[in-house]
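Subject: Structure handover and contact notes

Hello,

Here is the structure for your files.

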Amino acid sequence: MMSANNDSKSIPPWTLPESTHPQTGLTVYNSITKSKVPFIPKDGNKVSWYGCGPTVYNASHMGHACNYVTFDIIRRIMEDYLNYDLNVVMNITDIDDKIILRARQKHLLQKYQDPKDGLSEQVIQDVGLAFYEFVKGKLGADINSIDDWSTFAASTGGGKDLSFTKGKPEMTMYFSAAQATVNALKTARENMAAGKASKTELDSLLSASEDVVVLWLDRQFGSTVTEHRIFRDLAVFWENDYFEDMDALNVRRPHVLTRVSEYIPEIIRFVQRIIDNGYAYESEGSIFFDVAAFDGNNGHFYAKLEPTAKGNEGRQKGGEGSLSVHSSTKRNDTDFALWKASKPGEPAWVSPWSSGRPGWHIECSVMASEVLGPHIDMHTGGIDLAFPHHDNEMAQSEACFENHQWINYFLHTGHLHIEGSKMSKSLKNFIPIKDALKKHTARQIRILFLLSQWSSNLYYDGSSMEGAIAVERTFSNFFTNTNALLRDFRLRQQESDGTRQFQEPELELLDVLNDTKGRVHAALLDSFDTPAAMRALQEIIARTNIYLQRGRASIDPQIVEAVALYVTKIARVFGLVNDGVGSSIGWGARSAGVDSSAPVDRESILLPVATVLSNFRDAVRDIALAGGDKKALLSLCDKVRDTDLPDLGIIIDDHGDGRALVKFADPEQLQREREQREAEEEAGRQKKEAQARDNEAKRQLRLQKAKVSPSDMFRTLEMLTLYSAWDETGVPTKDKDGEDLTKSKVKKLVKEQAAQEKLHNEYLNYLQYSSIAARALRRVVKPELRSEVAKREGVSIKFAKWDNGKAGVSNPVPVIETRTKVEN
């Protein structure tokens with residue numbers, strides 16, 4: 001037996017598992033030891049894995065995506081690359097304070113809203129009462145009118161002053177909810193005054209003020225909601241929504257899915273066993289875990305994941321839920337609930353102690369142990385759950401089984417930061433997965449997580465997503481080019497002429513490929529270091545692209561194919577290729593879930609391409625019949641290459657050897673790239689036009705300034721308000737009050753006059769030169785020669801039309817524009 005980190009009472013003991021089975025060499029960062037340790041399953045190659053699932057009361061967000069996509073990547077590495085035999089168990093928390101509150105409030109709001117035909121003074125009054133109660137309870141402001149609110153809002157800097165928030169970010173959230181309600185009330189009163197009081201106006205008011213109104217309704221009527229169906233229906237809805245999001249993100253489902261509501265008898269037995277072992281006690285119908293009786297007794301250690309959090313009452317309380325009642329007979333403030341006696345308005349199950357419901361932490365201990373046993377290889381979840389949830393899980397389980405290592409390896413993903421701030425669903429600083437998928441693809445989001453160390457903080461913002469998209473583009477272009485090259489090679493492949501094809505450049509690339517395989521393997525064994533693995537893949541792609549620059553006649557497609565197949569293999573391991581897609585190179589042309597054995601509709605596949613070809617043929621025929629304009633033919637070819645075929649996912653890549661290479665790509669991706677290019681070109685055009693307008697305005701200003709004689713420049717109306725006397729050259733000598741100007745001031749004015757004199761002389765030269773150039777051009781009869789003269793003379797021409805007095809007859813007359821320093 002090998003022991004680690006057991007040399008201090010402040011450091012939890014951990015024992016390295018033993019096995020006679022051959023090991024892969026995998027090491028993992030273990031949150032218990034705070035270090036990388038060898039991964040040794042307790043039962044040969046079989047791995048028992050329990051992962052904390054979602055509490056289903058609202059839409060899944062990018063925090064969920066971070067956790068479940070990251071552990072899906074690790075699962076795939078273990079399952080598909082290292083060939084572990086996994087048994088993955090995940091729970092659904094369908095009994096929880098958040099679910100109870102949200103279901104109850106949703107039910108009460110619907111019950112309040114549905115019977116009403118439209119907006120009324122009573123509804124406005126109700127929302128107003130809810131608002132005043134909310135502001136007093138959440139913001140500590142005793143206000144009685146909207147004017148009072150306006151004064152309060154101004155005093156808090158719109159809810160942003162540090163003196164107001166006092167380090168509590170939820171204050172800003174509460175302020176926003178209150179301000180939204182105020183705005184909705186103002187709109188509602190305006191609608192009533194205008195005679196607009198339909199169901200639409202009612203719904204608009206209640207929707208905008210929902211966060212405020214539901215608390216008011218729940219305080220009055222929450223205790224009357226008793227049907228289990230109300231709570232269960234909400235959980236079922238959001239569970240289904242969660243799995244829709246996971247499927248969209250290509251996250252594999254667990255082998256075993258458990259729900260708290262299905263394990264109530266097992267939870268009661270588990271709690272009773274902890275009581276029998278002396279680590280829990282009953283108080284007013286609730287059962288609490290006795291931390292003092294457990295910690296340090298019989299070899300037990302409490303708070304293995306975060307020993308420094310031991311005794312932190314605030315964090316322990318945060319894990320108890322907002323509906324928990326802290327009994328006066330609770331022995332210690334840090335004790336936590338295993339079973340909660342239910343109050344009116346909460347679901348309840350019969351137990352030996354009370355009609356109640358499970359505590360939050362106990363559910364995972366019971367469900368994991370029921371399926372996987374009293375010793376589990378690995379447990380996963382977000383770092384935000386480490387204390388108290390995961391620490392309490394381990395304490396409960398080890399108290400029940402009287403063992404000292406319920407979990408061998410605890411893996412935690414880091415915090416997700418959104419636009420620089422740590423994500424917090426309770427503070428509404430989150431992005432629903434469905435919204436994220438409207439902006440970025442599941443593959444791009446997965447690449448983002450692959451580029452980050454799974455156990456460190458992860459960042460989701462515009463810059464990080466641009467990096468992920470760039471990596472995806474690198475892979476996509478490589479796959480597209482390789483597939484096109486291989487198709488072309490196989491179409492034109494001939495019998496060998498006896499010349500060796502696999503030579504030094506190919507051998508060098510083969511060496512790079514073998515080195516890449518070693519680097520990727522070492523990275524994945526090193527606690528799933530996907531950033532290092534992704535760098536290795538990008539480097540082999542870059543080296544292969546350099547090799548491809550030799551040209552088709554000087555490369556061997558076999559080595560390119562070998563590289564592409566390996567890159568695709570690792571991309572598939574990472575989940576970048578949808579499950580079910582075959583062994584082809586790249587992302588695959590078929591999405592997950594499509595039956596490859598389904599009959600192929602040739603017409604639907606061929607018709608779009610045939611239509612492009614037919615339209616092209618018609619246009620070529622028309623051009624030929626019209627005399628065969630070469631420029632029109634080339635323009636038509638460009639249209640087919642740049643617009644028509646890319647819309648179908650087909651790229652025609654012109655090569656220097658005169659033969660184009662045909663590539664296939666995702667038409668939607670090509671469309672997005674084209675729209676992005678067009679947007680960038682339009683932005684560039686607008687910027688260029690704005691710069692041209694700015695330059696022209698400066699030119700005109702300089703031109704107008706140049707027209708002023710230096711002797712008159714200090715005698716303008718504006719200057720007459722500053723000066724009262726001038727010398728013979730026009731330089732001021734006295735200020736407006738008749739006082740002599742200082743020598744330094746006069747010196748400065750003389751310098752300004754000299755600069756104006758230089759500018760004015762350039763203007764005079766410009767007038768003289770343009771007159772000479774105009775006369776020279778007018779002597780040139782042939783228009784085509786005028787351009788040559790203009791070029792020689794350094795002027796530009798605009799041709800205007802003038803009527804010589806004869807009906808229908810006009811001749812071009814040059815209008816001269818010069819470009820001198822004066823204008824530029």
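In what follows, a residue is buried if its relative accessible area is under 20%, exposed if over 50%, and partly exposed in between (1.4 Å probe, protein chains only). The model is predicted, so local features need pLDDT of at least 70 and side-chain atom pairs count only at pLDDT 80 or more, while totals for chains, interfaces and linings use all residues. Residues are numbered from 1 along each chain as its sequence is written, and side-chain values use heavy atoms, with hydrogens and water left out. Helices (H or I, at least four residues) and strands (E, at least two) are DSSP runs, numbered from the N terminus.

Salt bridges

A salt bridge here is a side-chain nitrogen of Lys or Arg within 4 Å of a carboxyl oxygen of Asp or Glu. The structure has 40 of these salt bridges. One of them joins Arg-219 to Glu-133, with 2.7 Å between the closest N and O atoms. Arg-219 belongs to helix α8 (residues 210-221) and Glu-133 to helix α3 (residues 121-139), so this pair ties together parts 86 residues apart in sequence. Arg-219 is exposed, at 54% relative accessible area, and Glu-133 is partly exposed at 32%.

A salt bridge between buried partners is that of Arg-357 and Glu-346, at 3.2 Å from N to O; the relative accessible area is 2% for Arg-357 and 7% for Glu-346. Arg-357 is in strand β12 (residues 355-358) and Glu-346 in the loop between β10 (336-341) and β11 (349-350), so the pair ties together parts eleven residues apart in sequence. Arg-357 and Glu-346 also belong to a network of salt bridges with Asp-97, Lys-340 and Lys-343.

Asp-638 and Arg-641 form a salt bridge at 3.3 Å, N to O. These two residues are three apart in helix α22 (residues 630-644), which means about one helical turn between them. Both are partly exposed: Asp-638 at 34% and Arg-641 at 26%.

Aromatic rings

Rings of Phe, Tyr and Trp (its six-membered ring) are paired if their centres lie within 6.5 Å; planes under 30 degrees apart are stacked, over 60 edge-to-face, and the rest tilted. That gives 26 aromatic pairs. Trp-14 and Tyr-409 make an edge-to-face pair, with centres 5.8 Å apart and planes at 70 degrees. The pair links strand β2 (residues 14-16), which holds Trp-14, to strand β14 (residues 407-413), which holds Tyr-409, across 395 residues. Trp-14 is buried at 2%, and Tyr-409 is buried at 0%.

Phe-39 and Tyr-84 are also edge-to-face, at 5.6 Å between centres and 85 degrees between planes. Phe-39 is in the loop between β4 (35-38) and β5 (46-51), and Tyr-84 is in the loop between α1 (62-81) and β6 (85-92), 45 residues apart. Phe-39 is buried at 3%, as is Tyr-84 at 5%. Elsewhere, ring pairs join Phe-131, Tyr-132, Trp-149, Phe-152, Phe-164 and Phe-175 in a cluster.

A charge sits over a ring if NZ of Lys or CZ of Arg is within 6 Å of the ring centre and within 35 degrees of the ring normal. Lys-116 is placed this way over Tyr-112, at 3.7 Å from the ring centre, and Arg-331 over Tyr-281, at 4.0 Å.

Cavities

On a 1 Å grid over the protein atoms alone, a cavity is a set of points where a 1.4 Å probe fits but cannot get out, and lining residues have an atom within 4 Å of a point. Points are joined across faces, edges and corners, and a volume is the space filled by probe spheres set on them. The whole structure contains three cavities of 30 Å³ or more.

The largest cavity has a volume of about 230 Å³. It is lined by 18 residues, with Tyr-68, Phe-71, Val-88, Met-90 and Arg-252 closest to its centre. Helix α1 contributes the most to this lining, five residues. The second largest cavity, at about 50 Å³, is lined by Thr-70, Ile-73, Ile-74, Phe-449, Ser-452, Trp-454, Phe-528 and Thr-530. Here too α1 gives the most, with three residues.

Regards

Technical notes: 1 Å grid on protein atoms, 1.4 Å probe; cavity = no way out; pocket = protein on both sides within 12 Å on 5 of 7 lines; lining within 4 Å.
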